[in-house]
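Please look over the sequence and the model shown here before reading on.

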2 protein chains.
Amino acid sequence: MNLEVKFREYVKKIKAYVYVLQLAGWDSNTEAPRNSFKRRGEVLNFISKELFLLQTNPELINIVNELYGKIDDLDDLLQREVKKAKRAIDKIINVPQEEYLAYQKLINDSQLIWEDAKKNNDYNSFKGNLKKIVEYNKKFALYYDKEANPYDTLLDDYEEGMSMKEYDTFFNALKKDLVPFVKEVLAAKKENYSEFINNSFDVKKQEQFCDYLTDVLHFDRNSGLMKKSVHPFTWNTSPEDVRFTTKYLENYVFSSIFAAVHELGHALYEQQISTEFDDTLLNGGTSMGIHESQSRFYENIVGRSNEFWLAHLPKFKKIFPEQTKNINAKDMYKAVNQAEASLIRIEADELTYPLHIMLRYDVERMLINDNVSVDDLPKIWNDKIEEYLGIRPTNDSEGVLQDVHWSGGMIGYFPTYALGTAYSAQIYNTMQKELDIPKLIKENNIIKINEWLKEKLHKYGSSKTPKELLLMITGEKFNPKYYIDYLKDKYTKLFL
Amino acid sequence: MNLEVKFREYVKKIKAYVYVLQLAGWDSNTEAPRNSFKRRGEVLNFISKELFLLQTNPELINIVNELYGKIDDLDDLLQREVKKAKRAIDKIINVPQEEYLAYQKLINDSQLIWEDAKKNNDYNSFKGNLKKIVEYNKKFALYYDKEANPYDTLLDDYEEGMSMKEYDTFFNALKKDLVPFVKEVLAAKKENYSEFINNSFDVKKQEQFCDYLTDVLHFDRNSGLMKKSVHPFTWNTSPEDVRFTTKYLENYVFSSIFAAVHELGHALYEQQISTEFDDTLLNGGTSMGIHESQSRFYENIVGRSNEFWLAHLPKFKKIFPEQTKNINAKDMYKAVNQAEASLIRIEADELTYPLHIMLRYDVERMLINDNVSVDDLPKIWNDKIEEYLGIRPTNDSEGVLQDVHWSGGMIGYFPTYALGTAYSAQIYNTMQKELDIPKLIKENNIIKINEWLKEKLHKYGSSKTPKELLLMITGEKFNPKYYIDYLKDKYTKLFL
């Protein structure tokens, strides 16, 4: 089958370019010296352009279209791969090259402008770029499908098959059930359980504890590594090369611990994908939402459980005897679940986190549908956060300017954070029917959980859509009820 | 000038591919997880092939030949660049592609075979590959110039303009003057001055001292970084991204110190090259020999001087108070210059080091000129080292198998180590007429030395040949006398 061989060759080439760009990205984000960025940008630009030419090569497009024309004759995996290739091509093919390049330049330039705006608390210096980014995103979405609502198209970019209709249902359920519950918890909670955590914790020792957790979670060090960076992230080229970073703050030890456990969730997913997908388009996790379900599962459901601290507080106390002198596992459990109204998403606790996402979804939905002007965003943002959490930013740096995503052109990405967290509760509900999770965590037997996730989810890589996976695993479609129930149950027991 | 524009475009493309391959190399040699190497090899192979196709593109070859045809009309820098390009093309153009690829595969495979052979002390398992590597090297040299002696061609690969004639003169001078002197020093020396160095030195603290030295030598941390690796090396893509590694042994602190200072010599050279060469073929140090002259200068002439330890022993004692209780600068000076007959090149001291290189030159010269069979190498090796240093390996791992170079196809490389060290003495002789080096070292004013080297040597990058540079700096051709005099003077004062 000549067509298939040619397709495979293109995929191989494309993946080689992606590979070296990924390597460069890892380097940039972890250790590249600052003066290297100018030249690096020029070189990588050239390589990116070669990749773009390859991805939009007319011969490749013909091959994909021909294969797509007889999709039912192909075996299952190739079907899925061709569909993915077709979707990627369709998303880009109608975009005029000069617009594509202008947009690339725009989002490149916007990074620094956003950084400065955030630093200087100066929304006005960024809003011009944001306007253009919103316009380009709408325009590109309409090039792909002029009939569809552009926000639906953008949402689908980040979570295949998701649209406003489903997200509305989800977020409306949160609004109805979770917002009042959060207010109730925040009103009831009187003590600060995490005061001792703001003491000084030696960074080298934090590293030692994160190393320990890396082994607790059975991360394979022959197929990856842990490093530090300013913003924690996970990176991978194949299941045999999966790396993650964490971030150390001397006066907030939870930062390194939960960033590590969160990224370990992403990393375990990637390490447990079948290597049969290495040379295909089906490698890597299947979607942002499913990926986030894994990171949030390990971070919150495992890492913020009572059993986890029953198992690992002794080690923590051994490394930090002074700071934890009078602390027991119950204290630790309360400390790691300390809930409070706060302004910054990435510092939010498990309970209030989804409200931060809800707000961003509301804002993006309005922006793309012209129901609001970029000029008015700061006020809208502040009003919304006050509505959901009862507090109000005093400046835009802790409001509308706080996240990097929009400056990077990522509109439609945020909702996957809450969605993934909700997926994790639904998957957890199924898992509990087959495994005694609290017991496994308490007995430091997390490998059993890893194995379950590998068989049910991880190993499939991108060969299943998020919706197919969720249905296969849990026997039902996405249902936000599990998430709301999980949060209510956990926080009622903790603080009500 | 359309031809020149096209040439520039090719150079830019080629350099982009080289850049990403370099980044991948840095990653491989410092932190890539072991399971990543299989897939990495496949991907990088593909990128290397793209690069090879670019470098041997008939259009590029025509452009270079056309430019070469009117070389006198070009400006000086372009002349040098075109000559370099022409030379690179000529070295490869007559090699049949299948032989080129077979050779690449051979040297790839030979790495692991050599590693295992060295580990298992089993020369027989490696010698088949070595035979083939020698044959290919001869063959490729003859493709380039069928009239020339192939070893001359190989020597020129690593040090432009050098041939057996000049190396013979150099090594004969060493044989005549240095071998007897070394024997005299070794016979006279009775004490072991470096015993205290074999105590335990905490690796984290060694890192702290190497960090200190990095600042002492005025390495620009915004344009580079220090890291650790199994084999110390320097890596660079431009003066704005220069990285080096060192290696830590708990029971041998000199290993990290002198590897760091050596690599810092390479790194300072690269950082001080003019950025005007970034997008040309004239970036980077001009040759292996000149590069080694810089690393050896900082390592030996600066780092192993009495003044260096007058300046920096206090810091060393502060970090390691216990281990250095009764040590003064004079003790340290003797310890870092401890000379003894030893079997392993990379562990050899400044005095005996060139004899290790001489031996390798003798062996390569014979191998390429069919004066010896690969089968007989172990015996020849052992006889030679006994002749020069009076000791004999008890196994091939500490004899003929010790170095990685030949398994990587590098024949003709070794002599540049001794040549570069000799260059450094000749350059030092000139430098002393303009600067009071011992005073500058003692006053921790090394930046003045850096500045001198930048103006006289570093800034030129590859825009001058090694011979041009040496003549410009010292006013004369290469003369081994300076090196022999330097060693005799230093070691007479130290131990005779």
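How many of the 19 residues of α10(A) are buried? Of those 19 residues, 18 are buried, so α10(A) is largely enclosed by the rest of the structure; here a residue is buried if 20 or more other C-beta atoms lie within 10 Å of its own, exposed if 12 or fewer, and partly exposed in between, with C-beta atoms placed from the backbone.

This is a predicted model, in which local features need pLDDT of at least 70 and side-chain atom pairs count only at pLDDT 80 or more, while totals for chains, interfaces and linings use all residues. Residues are numbered from 1 along each chain as its sequence is written, and chains are lettered from A and ligands numbered from 1 in the order in which they are written.

**Helix α10 in both chains**

Helices (H or I, at least four residues) and strands (E, at least two) are DSSP runs, numbered from the N terminus. Helix α10 of chain A covers residues 253–271, and because its 19 residues should span 27 Å at 1.5 Å a residue, the 27 Å between its end C-alpha atoms agrees with expectation; the expected span is 1.5 Å times one less than the number of residues. In chain B, helix α10 (residues 253–271) likewise has 19 residues and reaches 27 Å from its first C-alpha to its last, close to the 27 Å expected. As 18 of the 19 residues of α10(B) are buried, this helix too is largely enclosed by the rest of the structure.

**The packing of α9 and α12 in chain A**

Helix α9 (residues 203–216) and helix α12 (residues 306–319) of chain A pack at an angle of about 155°, with their axes 10 Å apart; axes are lines fitted to C-alpha atoms, for helices over the stretch in contact, and angles run from 0 to 180 degrees between N-to-C directions. The two helices, α9(A) and α12(A), are therefore roughly antiparallel to each other, a term used for angles over 145 degrees. Where they meet, A:K205, A:Q208, A:F209, A:Y212 and A:V216 of α9(A) are in contact with A:H312, A:K315, A:F316 and A:I319 of α12(A), contact being counted when C-beta atoms, placed from the backbone, lie within 7 Å. By class, this contact of α9(A) with α12(A) has five nonpolar, two polar and two charged residues; Ala, Val, Leu, Ile, Met, Phe, Trp, Tyr, Cys and Pro count as nonpolar, Asp, Glu, Lys and Arg as charged, and the others, Gly among them, as polar.

**Where chain A touches chain B**

Between the chains, 24 residues of chain A are in contact with 24 residues of chain B. On the side of chain A that touches chain B, α1 (2–30), α2 (37–55) and β1 (224–228) each supply at least two residues, and the largest share, six residues, comes from α1(A). By class, this side of chain A has 10 nonpolar, six polar and eight charged residues.

| Residue | C-beta neighbours inside 10 Å |
|---|---|
| A:N395 | 14 neighbours |
| A:H218 | 17 neighbours |
| A:N199 | 14 neighbours |

A:H218, in the loop between α9 and β1 of chain A, has a positive phi of about 60° although it is not a glycine. A:N395 is found in the loop between α15 (377–389) and α16 (415–434) of chain A, and its C-alpha atom is separated by 8.9 Å from that of A:D122, 273 residues apart along the chain.

Definitions and conventions. Parallel < 35°, antiparallel > 145°, perpendicular 65-115°, else oblique. Contact = placed C-beta atoms within 7 Å.
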